Amino acid sequence: MKQRYTLFIAALILMAAALLNSCTSTVSRRVNAEGVPAEVVFPKIEQALDKEGIYPNEENLKKIRPGMNKQDLYYLLGPPHFREIFNAREWDYIFKFRQNSEGTICQYKVVFDKERIAQSFYWQPQECGAGYFSSEAGK
């Protein structure tokens with residue numbers, strides 16, 4: 001009986017480790033303590049939980065600033081669209097915008113410092129962020 005219990009516990013630990021391994025803290029490379037990556041890397045859209053993305057509330061996008069916590073961002077943008085749950089140092093989103101009669105798909109990244117406070121923001125392609133931030137908030 002004790003051996004079955006031990007095997008059951010071991011199996012649970014392995015499953016939890018596999019689950020946590022599928023979640024990510026960062027995809028960018030060498031994110032420093034101040035929340036600035038040496039190299040910004042965007043995840044592939046095919047890896048997103050929500051591959052369709054969302055039409056963000058553009059007024060909310062204009063409110064995003066360094067110094068916000070995850071709760072603030074969650075309120076303004078909703079949950080990140082990728083598997084960035086446990087202790088994530090960056091959140092990634094897929095946004096859709098209407099420009100003229102055509103739609104545009106953009107990726108948006110928020111990078112947090114070591115205290116999990118938003119510090120830097122990135123767009124792919126970069127033109128997507130034009131007009132949404134003052135020079136102090138968007139990169």
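In this predicted model, the side chain of Glu 90 reaches the backbone nitrogen of Ser 28 at a distance of 3.0 Å. Glu 90 belongs to strand S3, and its side chain also makes a polar contact, at 3.1 Å, with the side chain of Lys 109. Because its relative accessible area is 1%, under the 20% limit, Glu 90 counts as buried. This residue is a handy place from which to begin a walk through the sheet.

Strand S3 spans residues 90-99, and its partner, strand S4, spans residues 102-112. The two pair in the antiparallel sense over ten bridges.

On to the next pairing. Strand S5, residues 118-124, joins S4 in the antiparallel sense over six bridges. Taken together, the three strands form an open sheet in the order S3-S4-S5, with antiparallel pairing. S3 and S5 are the edge strands, each pairing on one side only. From one strand to the next, the twist averages 25°.

Arg 116 is found in the loop between S4 and S5, and its phi is near 70°, a positive value in a residue other than glycine. Most residues other than glycine have a negative phi, and most peptide bonds are trans. With a relative accessible area of 24%, Arg 116 is partly exposed, because this value falls between the 20% and 50% limits. A further backbone feature involves Gln 124 and Pro 125, which are joined by a cis peptide bond with omega of about -10°. Pro 125 lies in the segment after S5.

A helix accompanies the sheet. Helix H3 lies across S3, S4 and S5, running at about 25° to S3. In soluble globular proteins, nonpolar side chains tend to be buried together.

Polar residues also occur among the buried positions, as Gln 107 shows. Gln 107 sits in strand S4 and counts as buried, because its relative accessibility of 5% is under 20%. A polar atom of the Gln 107 side chain lies 2.9 Å from the backbone oxygen of Pro 43. Leaving aside neighbours within four places in sequence, Gln 107 is in contact with Phe 42, Pro 43, Ile 45, Phe 82, Tyr 93, Tyr 122, Trp 123 and Gln 124.

A search of the whole structure finds one disulfide, formed by Cys 106 and Cys 128 with their sulfur atoms 2.0 Å apart. The pair links distant parts of the chain, with Cys 106 in strand S4 and Cys 128 in the segment after S5, 22 residues apart. The link is left-handed, with -75° about the S-S bond. Are its two ends buried or exposed? Cys 106 is buried, with a relative accessible area of 1%, and Cys 128 counts as buried at 8% relative accessibility.

Gly 129 also has its place in the segment after S5. Gly 129 is buried too, because its relative accessible area of 11% is under the 20% limit. The C-alpha atom of Gly 129 is separated by 8.5 Å from that of Tyr 108, although the two residues are 21 apart along the chain.

Conventions. Residues numbered from 1 in each chain as written. Predicted model: local features only at pLDDT ≥ 70, side-chain atom pairs only at ≥ 80, totals over all residues. Heavy atoms only, no water. Pairing = 2+ DSSP bridges. Helix = DSSP H or I, 4+ residues; strand = E, 2+ residues; numbered from the N terminus. Axes fitted to C-alpha atoms, helices over the stretch in contact; angles between N-to-C directions. Contact = heavy atoms within 4.5 Å. Disulfide = S-S within 2.5 Å. Buried < 20%, exposed > 50% of the residue type's maximum accessible area, 1.4 Å probe, protein only. Polar contact = N/O pair within 3.5 Å; in protein donor to acceptor, adjacent residues only side chain to side chain.
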